[in-house]
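Please keep the sequence and the model at hand while reading.

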Amino acid sequence: MCGIIGYVGDKEAVPILMDGLKRLEYRGYDSAGIVVIDACGEVRMMKREGKLKVLEDGLAEHGLRGTLGLGHTRWATHGSPSEVNAHPHFSSDGEIAVVHNGIIENFLELRAELEGKGHTFASETDTEVIVRLVEEALKGGAPDLEAAVRASLRKLKGQYAVGLLRRKEPDKIVAARLDSPLIVGLGDGENYIASDVPAILNRTRKVIYLENEEIAVVTADGCRVTDIEGNETVREVKEITWDIDAAEKGGYEKFMLKEIHEQPQAVSKTIMGRISTDGKEILMGDLNVTPEEIRGLRKIFIISCGTAFYASNIGRYLLEHYTNIAVEVDFSSEFRYRNPKLSKQTLVMTVTQSGETADTIASLRMAKEKGCKVISVVNVVGSTIDRESDGVIYTRAGPEIGVASTKAYTAQLAALFLFTLWVGRMRGEIDDGRFRELVDELQRIPAKVERVLEKERHIRSVAEKYYRATNAFFLGRGFNFPNAMEGALKLKEISYMHAEGYAAGEMKHGPIALIDEHFPVVCICTGANKYDKMLSNIKEVQARKGRIIAIATEGDDRVKDIADDVIYVPETVEPLSPLINVVPLQLFAYYIALERGCDIDKPRNLAKSVTVE
Ligand code: F6R
């Protein structure tokens, strides 16, 4: 997501801020900005769309000087990537500046409230409301920036890491966080704030990790941390021992592993703000389709490639399960050359992390030419598919750097689940009670994913048993059949082990001929509905001496007798189980690839974004 750096000391801030932003570049961004308090005590800023080089050129031309400042790289979530949406954002008098990482869930309400008080907003961002709330708090009698920030934070729902400065208090940065990371770096007569260790690792290794709802007042001489009530808290100063490469990966060995671990946040951010406060509706923003169009829908085509294609297939199962609409899924590279029967009662959806996949763009254009509305599930705001779709559901997984998609996939599944509930409600096909149960369970998924991640050591030990195999099968049924294909894709793309995903019931129609005592078969057997059928399929493999690795629900003892290895996962409703079950598959693939010495983040022959046909 966005990158933050702040500096207060006796040196020129701009080179330090620019250097910090460059060190955060690996996270991805679409625009950047810097703000300082200059020698005359004025607040001065510069922001630019595009790469840091553009900002750097602007700074070289116009110059900004000062010994206290904030810098920011933005990864768009609310509002397109543009100069006006880039951070910092300002109070109406331009005297207070904020940089922010995260999502303010209730920003539309806050914005309306502030507009009622006469505020006009320069940008489309959720961030701007933060600084306007601070401004209002000061007008309302808050004695200083710290008190005004404290009062404003109480009004925010969502996630944030913020840094603020104020012309009238030119010696301090006020910083705070809730569910988005923020650290304070301690130097000698100079101090920093940053969203991530790499931003400041070349300047200091002494770091305070702020906890949720803590506020830090950072000056050149020190840092005072308080909780939201204003009580002083004592935070341990940690010495960072990682090198820069490890720091960029948050201490993880590879980006892919970091991103696997980011899935609870990716899912919760995708859900955030999309369930109404009374819990009765799904809020989808402006999808540009009318309730009448949704009610009149005969067919949905979901179009995508690779991992997004498997997410789309689960989307099909979801829509078919909860609504009466016929759903077809196709690879973008096929759809665009077919002659699909599209009409006004057909909705086309694309699912894409990058929003730049050439075949998916071509399919979208073809569908639009034939008069269909196109809604897309997209991770990269401002991408071609984002711009060209009639409506968009953003997955808020943040930049995905590892070539193999992980957190974008689980975020896509969450978005497709929300979309299904939205459609089902609009068509009167999901009643109140069912809806409430599903929404509650969806909100429990991030914590359940967290519990699977705690099993990493066991999953690694299983992977270490099988890494020498040359082939593997992944079997699932129903919602977990596409998930099995995704598990196989993860394994083949990063470990180069040949792997196939199959619908478990298909095994006896041919593939079972391959099974022998050297053949690992990963079986997803969590679904209560088809549990017995799945067990029979596993027994067929067992009878051919295949090595069975079962993904099973905690408490399931039956499977232990048949499987060579069992990875237990928390129970959930079957339609949501792919979000949980895919995590052991990703870790299994990861550790097999690690044992095989593969270049996990950049597998051979693959590119992160396939922008050519
Ligand atoms: C596999 C993977 C690819 C992408 C596919 C589509 O791990 O990442 O299969 O899912 O190339 O890319 P997007 O989602 O960017 O359209």
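In which loop is Glu213 found? Glu213 lies in the loop between strand E11 (206–209) and strand E12 (214–218).

## Basis of the description

The model is predicted, and local features need pLDDT of at least 70, side-chain atom pairs count only at pLDDT 80 or more, while totals for chains, interfaces and linings use all residues. Residues are numbered from 1 along each chain as its sequence is written, and side-chain values use heavy atoms, with hydrogens and water left out.

Helices (H or I, at least four residues) and strands (E, at least two) are DSSP runs, numbered from the N terminus.

## Domains

The domain assignment divides the protein chain into domain 1 (2–246), domain 2 (249–453) and domain 3 (455–598); such bounds come from an automatic or database domain assignment. The centres of domain 1 and domain 3, taken over C-alpha atoms, are separated by 45 Å.

## The antiparallel sheet

An open sheet is formed by six strands in the order E5-E6-E7-E8-E12-E13, with antiparallel pairing. Two strands pair if DSSP finds at least two bridges between them. At the edges are strand E5 (89–90) and strand E13 (223–226), each of which pairs on one side only. Helix H4 (residues 128–139) packs on this sheet and touches E5, strand E6 (96–104) and E7, where contact means heavy atoms within 4.5 Å. The direction of H4 makes about 130° with that of E6; axes are lines fitted to C-alpha atoms, for helices over the stretch in contact, and angles run from 0 to 180 degrees between N-to-C directions.

Strand E7 (residues 158–166) and strand E8 (residues 169–178) run antiparallel and are joined by five bridges. Leu164 has Val174 in E8 as its bridge partner.

## Backbone features in loops

Glu213 has a positive phi of about 60° although it is not a glycine. A cis peptide bond, with omega about 10°, joins His87 and Pro88. Pro88 is placed in the loop between strand E4 (68–74) and E5.

## Helix packing around H15

Helix H14 (residues 407–426) packs against helix H15 (residues 432–453) at an angle of about 165°, with axes 12 Å apart. H14 is therefore roughly antiparallel to H15, a term for angles over 145 degrees, whereas those under 35 count as roughly parallel, 65 to 115 as roughly perpendicular and the rest as oblique. From H14, Phe417, Leu418, Leu421 and Arg425 meet Asp432, Phe435, Leu438, Val439 and Leu442 in H15.

Helix H8 (residues 263–271) also packs with H15, at about 175° and with axes 8 Å apart, so these two are roughly antiparallel as well. Residues of H8 that meet H15 include Val267 and Ile271, and those of H15 include Leu442 and Val449.

## The parallel sheet

Five strands, in the order E21-E20-E22-E23-E24, form an open sheet with parallel pairing. Strand E21 (498–503) and strand E24 (565–569) each have a single partner strand, so one side of each is left without a neighbour in the sheet. The twist averages 20° from one strand to the next. Strand E22 (residues 520–524) and strand E23 (residues 547–553) run parallel and are joined by five bridges; Pro520 has Arg547 in E23 as its bridge partner.

Helix H16 (residues 456–466) packs on the sheet, touching E22, E23 and E24, and its direction makes about 150° with that of E24. Helix H17 (residues 480–495) lies across strand E20 (471–476), E21 and E22, and runs at about 180° to E21.
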